[in-house]
Every structure is written in structure tokens, then in C-alpha cells.
Amino acid sequence: VADPQPALATDDGVRAVYAAHGPELYRFAMRSLGDRGLAEEAVQETFVRAWRAAGRFDDELGSLRTWLFAIVRNVVIDLSRARAVRPGLSAVATSAGDGLFVDEAFDRVLTAWQVEEALRMLSDEHRSALIEVHYRGRPYTDVALALGVPIGTVKSRVYYALKAMRLALEELGWNRDD
Amino acid sequence: VTTEACRDWRGPLGAAALGRADPAEEIGLRAHLDGCAACRAELRDLTAVARALDSVSATDIISPPSEPSGALAGRVLERVARERGAQSARRNRRVMAGVSAFVAAAAVVIAVVLVVGGGAGPAPGTRVVLEGVGGARASTVLRAGPVGTHVDMKVAGLEPGQYYWLWLTGASGHRIPAGTFGGRRQSTDLQLTAALPLAKARRIWVTDDKDRVVLDARIPSTE
């Protein structure tokens, strides 16, 4: 969406922005709040706040997605504090009452969400290679046997999956911690 | 610089980033990395990605992704529409409040005009003409008010740049100030009030800044 202000000004515009970003905002809120109802409430509140502040959005300063995530971040923190829900960010945010602590908790949730989103962007071959080897911890040989491909192919898929993950994470605004 | 040899080490590089390097391959990979800055940089990049992967548990990745209900889009639209309506209503209320304030102010002005200059005419007053010195002249209408005597005065022939006092004197001989004003040669209308009941006022007079009398008149008894 190139120009969100007029887009958010109409029902069709809101619908389009929701189609582009609503589900990922929801997944982020879901990961943070751990509750479907609250996550949906967070998305609704995010769109209301975005609509109210549409005049202040400057697409030269950042993407619409980044702007929406800045809003949903605040919504999630507000909801966490208001309702003291668990788990995810809320457990830390509500008990700490400390801005730095909240930021750290938020960063962890944000990275987790970015990884999930980035994995969705991979090809099926790359994603399954990474999931089998890294998340399921299966030996390369087992995966190669299961897929009926040479072990070198599995290694190559994992390598390219990591490369693609890096690009996708950067696109999602990932901050490397090294 | 990526070379043909670098391409051969890509698989082991990915495995090393995940901490899953084959021991047999690792010795050769280390030897290659010692002489290849590009592959060392790439290993750093991929290792950072591998660390990020650990922010999500295997259970979260393997379990079906959570998706919003199909009704969420409709609820978002509804909330935004409601907010738009509420904002519009707030704006209308502000406009109406402004209009109401304007109407109220206009009503006050109209009421004042009606009281002062309406068909009933001014409240009954005592007209007093003051005798002046040095070309000063004034005529007044005195009216009894709740806090004293209101003085409507038309005055002319005073020295510009000077200031003057208007006084009323009561039956006891005490002078009561009705206020000060600047001098003008042309005719000027003033409204002043002295904290002395009209019924007790015996004299109306004006002094300059040196307390010299420039305008003076006796007030006929209204009792």
C-alpha cells in the first residue's frame, strides 16, 4: 500500500490494509498475548489507532508494515498490563513494570514472530529441510533417506534455507544480536 | 571473493552454522575458512540466523499456525467505522457547542441592547450639567444602581495626555471616587460608578492630576 492515508480513509482501503497485514498482526499479537480473543482485540485496536493517526504516517520514514507493528506493539503492551494475561510478553511485562524489561521481552517475542513469518516465506523444500534438521534434530542422513535425495542435497537446501531466512528476516526488520 | 571452492563448502557451512557440522568435514572447512574472508563473513551471518531460529520452539514451529478467524476482517471494519462515526459526532458536537456559544453571546448582546436602548428607554435618571473651566464641559445622567451611582457622562475640552478623577460627594461631605479617565478635547462618552447611593449624592465634580477642580455641579436631591 503506497499511500495509507487515503487507503485507511475508506472501507475499501481498510479492507486492503487488513488483507495485506491483518493476519501477520494477529499472529504477532497471538504470540505475545497467548489468547485468541485478546489477539483479535489487539488487531482491531491497532486498526482503530492507525486510522486515528493516519495523518501522521510518513511513508518516507518507514513502511506501512513497520508503522503498524509499532502500533500493535503498544496495543499488546497496553492489553498485557490491563488484563495481566499470560504467557508470552505479558507475564514479564506485567510483573516487571519496568520499561527496559518490557522492551527485552518484546524483542524476544518480536524475533520469534519474525522467525515464524520468515519460515512462511521459504519454499517448501527449504522450509522442510530446515525444520527436519534443526527443529526436529534429525541427522542429515535420515532426512536424505526419508526424502530420497543425496545427503549433499539436504545440506545444500539447509544452506540456502538459512540464506533465504536471513533475507526474509531483514525484510521483516530483524535486528541481529551479534 | 567467492570461488569454486567456496561453492563446494556451502553445505558444510550451513551445517556448521547450525552446530551440526560433520566432524570429518569440519577440519577441511576450518582450513578453507582460514584463507577465505568471504566464507568467514557468511558463517557469521548464518550463525546469527541460526541463533534467531532458537527463539521459536520446535513445538511452535511444528504445530499448526494460528490464524485469525474469518470474521476478524469484518470486526476491524466495524470498529474503524464506529470510530469514524464517533469522531464525526464529536466534531459535530464541537461545532454545535460553538454555534450555541455564539447564539448565547448574541442573545446577551441583544438583551443588553434591549435593556439599555429598547422601547422602554433608559432607566429613570437625574440629568446634571457640569460647569467647566478652561473650555471643559460635561453633561451626565446619574442612575441609582445596586452598588452605588452609575454615571453616564459626555465630556469634552479636556487636556489630552492628562488624567482626571470623577468624584461624588455625599451629604456627610466625604468625596467618593467614581474612577479615572484620560483627557480628550473631543466629546467622549464614559460610564463610571461611585460607591455612593444616588439618594445621598450632593455633588459631582472632576479634578485633574493635581487635584484642581475642572468640572463641577450640584446634584438635585432625589429624596
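Which residues are exposed on the other side of H3(B)? Keep that in mind while you get set up.

**Before you click**

You are looking at a predicted model, where local features need pLDDT of at least 70, side-chain atom pairs count only at pLDDT 80 or more, and totals for chains, interfaces and linings use all residues. Residues are numbered from 1 along each chain as its sequence is written, chains are lettered from A and ligands numbered from 1 in the order in which they are written, and side-chain values use heavy atoms, with hydrogens and water left out.

**Stop 1: all of chain B**

Select chain B and colour by secondary structure. There are six helices and eight strands, in the order α-α-α-α-α-α-β-β-β-β-β-β-β-β along the sequence. Helices (H or I, at least four residues) and strands (E, at least two) are DSSP runs, numbered from the N terminus. Of the 223 residues here, 34% are buried; buried means under 20% relative accessible area and exposed over 50%, with partly exposed in between (1.4 Å probe, protein chains only). Among the contacts with a separation of 6 or more, 50% join residues 24 or more positions apart, a contact being heavy atoms within 4.5 Å.

**Stop 2: helix H3 of chain B**

Now select residues 23-34 of chain B, which form H3. From first C-alpha to last, these 12 residues reach 17 Å, close to the 16 Å expected at 1.5 Å a residue; the expected span is 1.5 Å times one less than the number of residues. Show side chains for B:Leu29, B:His32 and B:Leu33, the buried residues of H3(B). Look down the axis of H3(B): its buried residues fall within an arc of 95°, so they line one face of the helix. That arc is taken from the directions from the helix axis to the C-beta atoms.

Back to the opening question: on the other side of H3(B), the exposed residues are B:Pro23, B:Ala24, B:Ile27, B:Ala31 and B:Asp34. For the buried residues, the cover includes H1 (4-8), H2 (10-17) and H4 (37-53) of chain B. At the start of H3(B), zoom in on B:Asp22, where a side-chain oxygen comes to within 2.9 Å of the backbone nitrogen of B:Ala24.

**Stop 3: B:His32**

Is B:His32 buried or exposed? At 14% relative accessibility, B:His32 counts as buried. Leaving aside neighbours within four places in sequence, B:His32 is in contact with B:Ala5, B:Cys6, B:Trp9 and B:Cys39.

**Stop 4: helix H4 of chain B**

The 17 residues of H4(B) should span 24 Å at 1.5 Å a residue, and the end C-alpha atoms are 25 Å apart, which agrees.

**Stop 5: where chain B meets chain A**

Show both chains. The contact takes 43 residues from chain B and 51 residues from chain A. Together they bury about 4,300 Å², 60% of it on carbon and sulfur atoms; buried area is the accessible area (1.4 Å probe) that two parts lose on being put together, summed over both. The rule finds nine salt bridges across this interface, each a side-chain nitrogen of Lys or Arg within 4 Å of a carboxyl oxygen of Asp or Glu. For a salt bridge to zoom in on, pick A:Arg120 and B:Glu67 (3.4 Å, N to O). On the side of chain B that touches chain A, the elements giving two or more residues are H2, H4, H5 (58-62) and H6 (72-117).

Methods
A polar contact is a pair of N or O atoms within 3.5 Å; within protein, one must be able to donate a hydrogen and the other to accept it, and residues adjacent in sequence count only if both atoms are side-chain atoms.
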